[in-house]
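Hello,

Here is the structure I promised to pass on to you. Have a look at it first, and then read on for my notes.

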Amino acid sequence: MRRRSDKESQGKLVRKIRSFAVVATTAALALALAASAGATTWSAPHALFPSAVTAYRSSATMNADGDVAAVTISADQRDVVLYERPAGGPETTTVVGSDTTRAGDPQVALSDTGAIAVAWVGADNDEAHVAVRPAGSSTFRAPVDISSTTYQDGMNDTGNVRIGIDDAGEVAVAWKTGTSSPWTMHWGLIGTSGTLGTTGTVTAGWSLAFSVSMNGAGDAVVGWSEVATDPAQSALRASVRPAGGVFGTPADVHDGVPDFEPSTAIDAAGDVAVAYTGSAGNHGEIRVATMPAGGAFGTPVAVSAPGDDTAYPSVAMAGDGTAVVSWSPGFIGRYAARAVTLAGTPVGAVTTLGPSPNSRSRTVLRPDGSGAVFMLATDGLYVAKRDADGTFEPATLVTTGGYSSGVNMPGAVGGIDAAGDMAMFWPGSSSSVSLSYYDLGAPQLGSVTVPATGTSGTPLAFSGTASDALSWGTVRWDFGDGHTADGDAVSHTYAAGGTYTVTATGIDASGNTDPATETRTVVVAQAPPPPSTGDADPGTGTTTTTTQTPVTTTTTATSPAPAPSPAPVTPKPAPPARPAAVTCKVPSLAGLTTAAARRKLAAAHCRLGTVTTPKKYKKTKGLVIRKQSRRSGARLASGTKVSVTLGPKVKAKAANQ
């Protein structure tokens with residue numbers, strides 16, 4: 001777990017000194033792309049839960065290190081099930097909580113240090129529950145029970161409970177109570193001791209919808225729309241908590257009647273953005289209000305095109321305070337997006353992202369402004385990538401299908417890590433949740449075992465390992481006879497004798513390959529034909545000799561092996577050697593350029609993470625690595641990312657004359 005510095009704990013000072021915020025550069029993304037041998041694509045959909053209640057009963061996220069987490073409700077609607085996969089690690093599912101009657105509205109939040117919070121609402125006692133697992137821990141603390149929360153199944157857009165978590169494991173939480181109007185919303189902070197401190201309440205006569213965001217340092221914002229029976233009392237408001245402090249007095253973001261739920265975002269410096277749908281005549285209009293850290297909200301600005309019907313904004317923030325918001329144009333039109341500066345000025349024209357809408361969009365950004373918008377449309381799942389210069393690439397189809405029953409249902413969600421890798425989650429059907437990776441990094445091929453000799457017609461065993469820092473790695477085999485197979489352990493039967501060159505290549509789920517391959521030679525002896533049966537043909541009186549023709553097959557090790565042809569007994573091949581574990585032994589990177597560091601890290605089975613250039617050195621040439629995030633000599637999981645900070649070379653001291 002990363003410990004807070006004194007500057008971070010002071011809150012205000014953190015937000016003033018932007019040069020200490022982690023800012024990934026465009027060059028880092030280009031280097032990550034260059035490291036991948038082969039075209040990068042989205043991996044095939046991977047089902048996370050064998051049986052679940054999805055569509056509106058799931059939540060998922062990805063942090064800057066590439067860890068992913070998703071939560072859903074089991075098919076019997078009683079268990080809250082968490083799926084986790086650390087970057088490059090094994091996937092696990094855990095039942096975090098249960099309800100004897102019914103559970104609903106699951107939410108998950110994940111910090112960059114790995115601290116995780118899961119929230120849900122139970123029908124037993126009409127309570128909301130928040131379970132927290134601090135960074136570095138393997139178990140969740142006992143859930144914090146929030147009483148007097150009326151159970152709802154989460155179909156409505158107002159929700160029941162929303163959460164955010166910081167690197168230290170503090171949780172910002174908001175929840176709603178009431179059996180009917182008037183509704184009451186509460187918000188507060190669950191500290192590292194596991195105690196809930198309630199700091200605010202608000203009541204509205206018609207509806208309440210809310211959003212929570214929190215950064216790693218502990219700055220947080222709760223934004224809500226309160227629609228009163230008297231329109232003059234309706235408003236959009238927000239309460240901000242500085243790191244180490246308490247939630248402040250609610251601020252009026254917009255006076256009037258806001259529609260639907262708002263979307264909030266907060267960057268590493270504490271700058272805030274709130275996006276919402278406001279009424280403009282007979283249609284909805286997307287508006288964004290921004291607030292510099294420690295300041296006040298400016299006047300909201302309209303970002304959607306005049307006259308367009310709009311709904312459900314999703315806002316995210318870059319490291320310079322720029323807010324990017326995407327939205328769904330109701331039941332007609334197209335998805336769209338636009339940026340707003342911290343000063344409250346819209347950037348450029350509205351960008352139309354392409355596919356016809358069928359549900360909400362999700363905006364994700366890196367500190368340098370690059371990122372993507374995820375969209376679930378009528379014909380499949382789309383992503384529109386955003387470059388660091390603010391331009392969107394054309395939306396591309398990731399996969400066909402996907403489950404949604406209307407624009408008011410959540411669509412695709414996901415995240416982006418510091419290297420530009422992405423993970424996207426979506427309801428794959430009415431009873432499953434799917435995951436796909438966009439993985440920029442190449443995998444690493446580990447140990448390879450190939451038999452030196454064999455006999456035609458007899459299956460031979462091949463084994464190897466391949467690791468990847470993000471998606472799943474495996475070995476692609478070329479047996480030298482025109483046949484191939486994928487898998488860590490496979491069998492192959494050669495049809496004829498000869499000398500064959502076997503090539504093993506590491507490949508990940510996104511199609512990236514390790515440029516370093518392994519080749520082995522296997523000498524296959526020709527098996528003698530089986531003896532003649534000597535059977536007489538009653539029709540002709542001739543003798544027919546039946547010979548079994550060898551057939552080449554390629555199967556995984558778990559599939560039944562084909563029956564071998566009768567052949568002389570040959571020595572049984574030695575069992576494959578147990579592959580040696582591949583680890584990342586962190587080297588010293590001090591004084592190296594990023595290119596040299598990347599090569600040195602690759603040789604040590606590590607990866608280059610975020611490259612930070614302090615603001616005062618942005619125009620300085622010849623920068624080298626001055627700091628690294630991982631201790632030299634540490635042994636970590638293969639593919640672990642090592643982030644670095646650049647600075648000028650240290651000048652050698654002149655010798656005394």
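**What turned up**

Ring pairs join W42, F374 and Y438 into a cluster. Please keep in mind that this is a predicted model.

Across the structure there are eight aromatic pairs. One of them is formed by W42 and F374: their ring centres are 6.3 Å apart and their planes stand at 85 degrees, so this pair counts as edge-to-face. W42 sits in the loop between helix 3 (26–34) and strand 1 (46–47), while F374 belongs to strand 27 (residues 371–377), so the pair ties together parts that are 332 residues apart in sequence. Both W42 and F374 are buried.

Another ring to look at is that of W183: K176 lies over its face, 4.4 Å from the ring centre.

Next, the cysteines. Searching the whole structure gives one disulfide. C584 and C606 form it, with 2.0 Å between their sulfur atoms. The torsion about their S-S bond is about 100 degrees, so the disulfide is right-handed. C584 is in strand 44 (residues 583–585) and C606 is in the loop between helix 4 (594–603) and strand 45 (607–612), so the pair ties together parts that are 22 residues apart in sequence. C584 and C606 are both buried.

Finally, a word on confidence. The chain has a mean pLDDT of 81, and 79% of its residues reach 70 or more. Over residues 154–158 the pLDDT is below 50, and this stretch has 16 contacts in the model beyond near neighbours in sequence.

Best wishes

Key: Residues are numbered from 1 along each chain as its sequence is written. This is a predicted model: local features need pLDDT of at least 70, side-chain atom pairs count only at pLDDT 80 or more; totals for chains, interfaces and linings use all residues. Side-chain values use heavy atoms; hydrogens and water are left out. Rings of Phe, Tyr and Trp (its six-membered ring) pair if their centres lie within 6.5 Å; planes under 30 degrees apart count as stacked, over 60 as edge-to-face and the rest as tilted. Helices (H or I, at least four residues) and strands (E, at least two) are DSSP runs, numbered from the N terminus. Buried means under 20% relative accessible area, exposed over 50%, partly exposed in between (1.4 Å probe, protein chains only). A charge sits over a ring if NZ of Lys or CZ of Arg is within 6 Å of the ring centre and within 35 degrees of the ring normal. pLDDT is the predictor's confidence in each residue, from 0 to 100. Contact means heavy atoms within 4.5 Å. A disulfide is a pair of cysteine sulfur atoms within 2.5 Å.
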